[in-house]
Amino acid sequence: MSTRTDRWEHITPEDAGVPSEAVLGLIERIEEENKDIHGFALIRKGKVFAEGYFEPYDKDSPHLLYSCSKSFTSLCAGIAADEGKLDLHASVLSFFPEITPENPGENKSAMTVHHLLNMNTGHDTDTLGQMIPSPCWAKAFLDLPVEHAPGTKFVYNNGATYMVSAIIQRTTGATLWEYAQEKLFKPTGMTPSMWERNLEGVSFGFSGLFLTVRDMAKLGLLILGKGVWDGRRVVSEAYLCAATSRLGPSKPDGDPNWMAGYGYQFWQCAPDMGGFRADGMLGQYVYMLPEKELICVFTACMKDMGWTLNALRDEILTSVGEPLPENTQAHGALLDKIGRLGNLEVRRDAIPAFMAGASDKEARIWDEGSFTVRYQKGPQAGLTIKYPTFRGDAGIRQFTAPVTPDNRWRMVSTPPSEDDADGRFAVRSLVEDGNLIVWLRQIAVPRVLRFAWSAEDGSVRLRVYSLAEDAQYETLIKASV
């Protein structure tokens, strides 16, 4: 199988053994059910048979992977193990002698790197929330009780993955971000924007990595290539085999795709899908099916994460087979559809007169946060947005987005910063039922907000809907209408 995507070779779905109608069916299902998919790539035998991006996203848009980052952390652990720098069966305590509790107990003493990677540390719950307030996250992790013998209870534990990152930093002398750059990203040609870190300078590991769809696909290509890239061994086949196998149970109930087992930071998929995946909150996926040499990548902002996997199973997996005869009509229809993803009808709406009363009044959206919005009237009407950086400790950033109610996306760039993977925002405005509607998307982070201003009882009310949270916030702007 080819592991070179620097040329990003495209073939028709029929050449890949998939009818163009099947890919078209997947896209139409996304559109008909109004799912917030940002980008996708479908690859078979190392060649791309479909790739598309919904406006305003494109192939160059870096995207926060959330927990998909864990699978990249896993590969770095495997590389460190291959180099003899990391023993997967070494006690976690052995890496932190200066902060090991005085009487750690049997369970904590038995915990190994293997248990961290397999989410089987013995904790009752995710440890991360109790680690974050501490000036030393690793010490906070080690101070927590371990209620069960490691290896006997699966708990999805972000803190465990952070500990893998901290251990890689201690054993290699480089942060996970630095180590990944040298050992994983550069050899495969991946160009990540950043990997978030805490105030101690330790890469998160459990989240915080930003990659494009094409770079995400390289994870799948490397794995299906058994750890070899362009003739060079990057990570051992033995480690990848273990990492992507069912090394233990996962969740005991819920969606079958989260009940099929867990490896080293990879989820097994339900029997009706097969394969395994890197999996991130809000629908970031690298799905791999080795027996079909199939890789499917998605970025999104969706609460219902199971929807993408089910749609992929129904529309694509059931159709994969031997190469098919050319079908120029169906393939042409597919290319036309892909060329118009996310396109919206241009409108010529007028800003409602009541917005004059709301001008220059700042509205705080979340009481506990620092996200504020202020509408400014005039020939160049706009919104001034203030928001905290992703890490939060780097202060508040600000930008002004145009309000032009024609239903078209406009890009706004904020000044470059080491704390933002991509400072671009996309804004779209229109008028619905007499209300001013503004959609705001932060390109690199799946932050999608819908602002709606309405005139009610002599004042202006602002309602803000957060797609990622599936929640609405309201604030009353005292203004004469």
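In which strand is serine 454 found? Serine 454 lies in strand β18 (residues 447-456), where helices (H or I, at least four residues) and strands (E, at least two) are DSSP runs, numbered from the N terminus. The model is predicted, so local features need pLDDT of at least 70 and side-chain atom pairs count only at pLDDT 80 or more, while totals for chains, interfaces and linings use all residues. Residues are numbered from 1 along each chain as its sequence is written, and side-chain values use heavy atoms, with hydrogens and water left out.

Serine 454 is buried, with a relative accessible area of 7%; buried means under 20% relative accessible area, exposed over 50%, and partly exposed in between (1.4 Å probe, protein chains only). Not counting residues up to four places away in sequence, the residues that serine 454 touches include Phe354, Asn435 and Arg463, contact meaning heavy atoms within 4.5 Å.

Elsewhere, a nonpolar core is a set of buried Ala, Val, Leu, Ile, Met, Phe, Trp, Tyr and Cys residues joined through side-chain atoms within 4.5 Å. The largest such core has 75 residues, and Phe72 and Met163 are among those with the most contacts inside it. Helix α9 (residues 213-224) supplies the largest share of this core, eight residues. A second, separate core of 41 residues includes Ile11, Ile27, Trp258 and Tyr285. As for methionine 163, its contacts include Val92, Phe96 and Leu116, not counting residues up to four places away in sequence.
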